[in-house]
Amino acid sequence: MASKIEIQHLLQDTDFTCFVIPSLFTKEDCEQFLSTDIKNSFQKASSNYPTYYRNNDRFVLDDEVLANRLFEKVKPYLPERIEINSPIQSENGIWQLQELNSRLRFCKYSANQYFHRHLDGVHYRNDTTQSKLTFMIYLNSATEFEGGRTLFFRTKETEEIWASYIPKQGDLIVFDHNVWHEGEVLRKGEKFVLRSDILYSKNDAVTASEPFTGHLGYIWKLLKMNDTTILSGGRDKEIKVWTAQGEQRKSLQGHQNSILCMEKISEDVFISGSRDQQIIVWKDYNILNILKTHAAVVLSLCRIDDSMFASGSGDNTIKLSNLDGTTVKTYREHSNWVWQVLKLDDQVIASCSEDGSIKIWNLGSEKSINTFESGTSVISLAYNSENRKLISGGLNGEVSIRRLTSDYQQAEIKIFKAHNGIIRTIKMIDNNRFATGGEDNKVKIWNLNGQLISELEHQNFVQSLELVDDKTLISASYDGTIKIGDIDSMNRIK
């Protein structure tokens, strides 16, 4: 590695790449990057990201010329090759330095804005070219604001700060995508950064030898269409059609961004929702209709009947719509993202939200018939109609099991800690058991008394669960894999 400038390594006791190149860019460079046009173009991130995660402003610019210029500036300081040994087969090998992602993200932080602890997502050009390192220029100095340090942590859970950096205009920070970090809450002033990703390539693509191998990056949703067909959708904007054994049949394209939710409507029709704010109606795996129902990300879809569905969104609303795109009703009581919408009976649905509430709705009215307050963001729901148990999972890793009366009041509730991290998904297995998936990378199976029966682990967040049959559960993860588990033998807890 070249050393034209004295670089500062932040994490001395690790093999992770994490360093600062002081004053790589001049004051004039930074002012040119942060032009008046860009300063006037920032938008709230909340239409694309939940507020528990981040609440800053951002602007996205695709500029290959500027990206090439930035890359030539930093290239002498970057590792030319990275060797990876990972449990995920597609990650393994020698990766050679390639280029800077031409998608540049400008971020603005004002008072009380933050970017909470996270790992940066991998940008996939294809299966042999992907990002490994984060590239971030500080466009102004901490003399102009209070707070706003870049903080690094050994794990997602620890409170101990591993390392921190106080921004200085023109400094460039480079670090491994696998390092937990956050943008500290800004107390005063304004902070600006320019962020992108450093891409690496390898020569050998991975041959799909394992079942359900084919997605690039996060897998958000699984859907069983019938006993022989499973669908999956993810960050690569594709819906994969698999046999129940994990052999790929088709790959469907249509969305312009991550596919976040899918729902079966009938034997040959399903719908999908995306971060691109669109809902696509598919018939026989062809696009039948594209609906612009919401003004933000589409987070959840719920079948009402063969022609009608409900949808929840980052615009804080629930829409009741026909497959032709006609909006029948709009439910507006939530004050933040609606993470899930769930059918309880033919005329009643439930919804859960970032605002900490679960609401029960009669489809005939735009006013909720009941609200349960949880005190924390509620991300996931499941319901068993036989025993009238409504199960919810939240930001704090707790599961709540509510028994509902015939008029959907709460008769009793049981709350217990289920995961070390957000519970992203819940799936009923039968009348006595359910599964949860969380940000502690685990799938867990429970009985309705809250006793842990068994568990399975991924390499990253567990995002979706689906039953293949009464003995087989599949789980999808941010690690880009789908795992098959035998419900009765998954690492049984003694």
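Reply: Helices (H or I, at least four residues) and strands (E, at least two) are taken as DSSP runs and numbered from the N terminus. On that basis the protein has 3 helices and 44 strands. The model is predicted, so local features need pLDDT of at least 70 and side-chain atom pairs count only at pLDDT 80 or more, while totals for chains, interfaces and linings use all residues. Residues are numbered from 1 along each chain as its sequence is written, and side-chain values use heavy atoms, with hydrogens and water left out.

The pocket comes first. A pocket is found on a 1 Å grid over the protein atoms alone, as an open set of points where a 1.4 Å probe fits, with protein on both sides within 12 Å along at least five of seven lines; lining residues have an atom within 4 Å of a point. The volume is the space filled by probe spheres set on the points, which are joined across faces, edges and corners. For the second largest pocket this space is about 1,000 Å³. Its lining has 35 residues, and Lys221, Glu263, Gln340, Leu342 and Lys427 lie nearest the centre. Two or more lining residues come from each of β18 (219–226), β22 (259–266), β26 (298–303), β30 (338–345), β34 (378–384), β38 and β42 (462–469). By class, the lining holds 21 nonpolar residues (Ala, Val, Leu, Ile, Met, Phe, Trp, Tyr, Cys and Pro), 9 charged (Asp, Glu, Lys and Arg) and 5 polar (the others, Gly among them).

One of the lining strands, β38, also belongs to an open sheet of 4 strands in the order β38-β39-β40-β41, with antiparallel pairing. Strands pair here if DSSP finds at least two bridges between them. At the edges are β38 (423–428) and β41 (452–457), each pairing on one side only. From one strand to the next the twist averages 20 degrees, with axes fitted as lines to C-alpha atoms and angles running from 0 to 180 degrees between N-to-C directions. Within this sheet, β39 (residues 433–438) and β40 (residues 442–447) are joined by 5 bridges in the antiparallel sense, and Ala435 has Ile445 in β40 as its bridge partner.

Further along, β43 (residues 472–477) and β44 (residues 482–486) also pair in the antiparallel sense, over 5 bridges. The two form a hairpin with 4 residues between them, and Gly480 in the turn has a positive phi of about 85 degrees. Ala476 stands opposite Ile482 in β44.
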